Amino acid sequence: MIVYHGSSQIVKTPAYGLGSETNDYGRGFYCTENQELAGEWACPTVKDGFSNKYHLDLSDLKVLYLNKDGYHILNWIAILLEHRIFPKRSPIARQASQYVTAEFLPDISGFDVIVGYRADDSYFSYAKDFLNNTISVNQLSQAMKLGELGEQIVLMSEKPFGKIQYLEHEIAGGSIYYPRRMEREERARRAYLDNHGQDFASAQNDLFVLDITREQVKNDDPRLR
């Protein structure tokens, strides 16, 4: 498969063991199949970046697809809680964070590659709203499908670093990709707000995080699928 890595640098030889522990899934090499997304991720400001292109051979690799394979949205939230820094200003958010991590955190240690949502600013705000009991599980799941924020492919173990081959790079112009990044985030926020308003009445019968903690909902509960 062809993947792209947006960066402030040209990365010809991705190296195992680099990156921040506070990234979405922890330390790893983060890629996307979408070249446009890579360009946007390379430009968090108007400064130019680089879209690095690679061929990744997934054969013989153990891949975790967080959006498939029987996993659900709370598994993704639990992984974020394990790595990202969440402000937990309310008692509900603190209790919810502890329970979600304890009950829904999957074991990702045996996987070479993880494929799942990327917690851009909008996605991260959805997760915070959920933990503060503002939106339900169903609303959160719907929000993740809105706004074109995309998936990421993350090389986690040492093995896939021997199966990724650099092909080329392109300059990602900050004057082009930074506005596109902001526009994509804004579309996601608008879609989220529109969907939230439309679903308010039906959401009253959905599972909220307060229900999950009070009822001691478990990972195999059919209402989470």
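## The second largest pocket

In this predicted model, the second largest pocket holds about 330 Å³ of space, and among the 14 residues that line it, those closest to its centre are Y71, H72, I73, S141 and K145. Two helices, α2 (73–83) and α5 (137–144), each supply at least two residues of this lining, and α5 gives the most, with four residues.

By class, the lining of the second largest pocket divides into seven nonpolar, five polar and two charged residues.

## The largest pocket

The largest pocket has a volume of about 590 Å³, and of the 26 residues that line it, H5, G6, N23, Y30 and R118 are the closest to its centre. At least two lining residues each come from β1 (2–7), β2 (29–31) and α6 (174–198), while the lining as a whole comprises eleven nonpolar, eight polar and seven charged residues.

## The three-stranded sheet

Strand β1, which contributes to the lining of the largest pocket, also belongs to an open sheet of three strands, in the order β1-β3-β7 and with antiparallel pairing. Because β1 and β7 (164–172) stand at the edges and each has a single partner strand, one side of each is left without a neighbour in the sheet. Neighbouring strands of this sheet are turned against each other by 25° on average, with direction ignored.

The antiparallel strands β1 and β3 (residues 49–56) are joined by six bridges. Within this pairing, G6 stands opposite S51 in β3, and G6 is also one of the residues closest to the centre of the largest pocket.

How values were computed. Residues numbered from 1 in each chain as written. Predicted model: local features only at pLDDT ≥ 70, side-chain atom pairs only at ≥ 80, totals over all residues. Heavy atoms only, no water. 1 Å grid on protein atoms, 1.4 Å probe; cavity = no way out; pocket = protein on both sides within 12 Å on 5 of 7 lines; lining within 4 Å. Points joined across faces, edges and corners; volume = space filled by probe spheres on them. Nonpolar A, V, L, I, M, F, W, Y, C, P; charged D, E, K, R; others polar. Pairing = 2+ DSSP bridges. Axes fitted to C-alpha atoms, helices over the stretch in contact; angles between N-to-C directions.
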